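The following note was prepared for a colleague who asked for a reading of the fold. The points are numbered so that each may be taken up separately.

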Amino acid sequence: MRARPMAPVMPRHAAVGGAVVWQLDAVGFRHPGASTCALSEVSLEIPAGRVTAIIGPNGAGKSTLLHLLLGVAVPNAGHVTLFGTPAHSWRRVDMARTVAVVPQAEAEPLFTVRDTVAMGRYPHRAAWQRETTADAQAIVEAMTQCGVLPFADRVVGSLSGGERQRVRLARALAQQTDIVVLDEPTSALDIRYEMAVFEQVAALRATGRTAVLVTHQLNLASRYADQLVLLHAGRIVAQGAPRDVLLAPRVESVYEWPVEVIAHREGAPQIVPERRPMRQEIP
């Protein structure tokens with residue numbers, strides 16, 4: 001079996017100074033058996049030390065794009081590199097030491113909250129190595145930041161959907177990577193914890209880390225992200241600063257719904273969907 005090339009060793013928080021984390025060049029991907037491509041001609045740079053939000057309607061290709069970034073899928077065309085190395089060629093342990101992932105949902109095994117969060121420390125330990133003082137500190141800090149410390153001894157499956165999502169975020173924070181990827185991180189969360197998640201993303205950026213998230217929360221993405229990537233039917237419709245991406249005619253075209261764009265007091269564009277007459281059916 002051909003050995004995979006070693007991933008580059010990146011210094012802690014190397015993601016500053018205008019570096020590029022992920023580079024995508026004319027990427028195309030088609031799922032096995034599918035008649036059309038999930039992604040076509042996608043070219044994108046994800047900058048280091050910034051927050052990039054991937055947005056778009058259902059079926060736009062957002063999750064497929066995340067799988068390519070993480071090396072879980074291999075493009076049928078073009079190239080996806082992480083720090084200059086093909087993403088799919090990274091060793092899993094090296095990827096886990098560099099990128100933490102917060103999935104949208106997953107099967108919940110019969111582990112306690114603390115045991116689940118502690119899994120974020122596995123990439124940093126040798127096989128069968130016991131938990132260190134540094135591990136324990138990282139676990140407690142992550143649980144505290146995500147508000148799940150009071151649930152430490154509860155089985156994850158006994159928690160609500162929003163509480164489980166906060167446990168997944170805590171596990172990613174305990175991993176202490178330079179990059180965090182979040183797939184619909186505010187799914188099932190109330191307003192308080194929606195805001196807490198985005199504030200935590202902002203805190204990651206403040207320490208030089210890179211965050212990439214898929215979200216349907218256009219208004220929060222506009223307020224917190226440095227760069228928006230708007231996908232539609234597997235192609236990038238627009239990318240750049242929120243004020244350059246979230247234009248009313250473009251949003252209406254992609255989401256097939258009339259909207260008004262207003263300015264938040266912080267300056268970020270905010271999307272206000274218009275009401276339609278009751279007799280008009282949803283397309």
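**Notes on the model**

1. Glu-41 touches Ala-26, Val-27 and Arg-235, not counting residues up to four places away in sequence; contact means heavy atoms within 4.5 Å. Glu-41 lies in strand E2. Helices (H or I, at least four residues) and strands (E, at least two) are DSSP runs, numbered from the N terminus. Glu-41 is exposed, at a relative accessible area of 57%. Here buried means under 20% relative accessible area, exposed over 50%, and partly exposed in between (1.4 Å probe, protein chains only). Between the C-alpha atoms of Glu-41 and Leu-24, 17 residues apart along the chain, the separation is 9.3 Å.

2. On the basis of these remarks: this is a predicted model, in which local features need pLDDT of at least 70 and side-chain atom pairs count only at pLDDT 80 or more, while totals for chains, interfaces and linings use all residues. Residues are numbered from 1 along each chain as its sequence is written, and side-chain values use heavy atoms, with hydrogens and water left out.

3. Strand E2 belongs to an open sheet of four strands, ordered E2-E1-E4-E5, with antiparallel pairing. Two strands pair if DSSP finds at least two bridges between them. The edges are strand E2 (39-47) and strand E5 (85-86), each of which pairs on one side only. Strand E4 (residues 77-82) and E5 run antiparallel and are joined by two bridges, with Leu-82 opposite Thr-85 in E5.

4. H1 packs on this sheet, where it touches strand E1 (20-29), E2 and E4, and its direction makes about 120° with that of E1. Axes are lines fitted to C-alpha atoms, for helices over the stretch in contact, and angles run from 0 to 180 degrees between N-to-C directions. Six of the eight residues of helix H1 (residues 62-69) are buried, so the helix is largely enclosed by the rest of the structure. The buried residues of H1 are Lys-62, Thr-64, Leu-65, Leu-66, Leu-68 and Leu-69. Just after H1, Gly-71 adopts a positive phi of about 75°.

5. A further open sheet has six strands in the order E6-E7-E8-E3-E9-E10, and its pairing is mixed. Strand E6 (99-102) and strand E10 (235-240) form the edges, each pairing on one side only. On average, neighbouring strands of this sheet are turned by 15° against each other, direction ignored.

6. How is E3 placed within the structure, and how many of its residues are buried? Five of the five residues of E3 are buried, so the strand is largely enclosed by the rest of the structure. Both faces are covered, with Val-51, Ala-53 and Ile-55 on one side and Thr-52 and Ile-54 on the other. Strand E3 (residues 51-55) pairs with strand E8 (residues 210-214) in the parallel sense over four bridges. Across this pairing, Thr-52 stands opposite Val-212 and Ile-54 opposite Val-214. E3 and E9 likewise pair in the parallel sense over four bridges, and Ala-53 stands opposite Leu-228 in E9.

7. Helix H9 (residues 248-255) lies across E3, strand E9 (227-232) and E10, and runs at about 40° to E9. In the loop between E9 and E10, Ala-233 has a positive phi of about 55° although it is not a glycine. Ala-233 counts as exposed, at 56% relative accessibility.

8. The axes of helix H4 (residues 133-145) and helix H5 (residues 161-175) come within 8 Å and cross at roughly 140°. Angles under 35 degrees count as roughly parallel, over 145 as roughly antiparallel, 65 to 115 as roughly perpendicular and the rest as oblique; H4 and H5 are therefore oblique to each other. Ala-138, Ile-139, Ala-142, Met-143 and Gln-145 in H4 meet Ala-170, Leu-173 and Ala-174 in H5. By class, this contact has seven nonpolar, one polar and no charged residues (Ala, Val, Leu, Ile, Met, Phe, Trp, Tyr, Cys and Pro count as nonpolar, Asp, Glu, Lys and Arg as charged, and the others, Gly among them, as polar).

9. Gln-176 is found in the loop between H5 and strand E7 (179-183). Its phi is near 50°, a positive value in a residue other than glycine. Gln-176 is partly exposed, with a relative accessible area of 33%.
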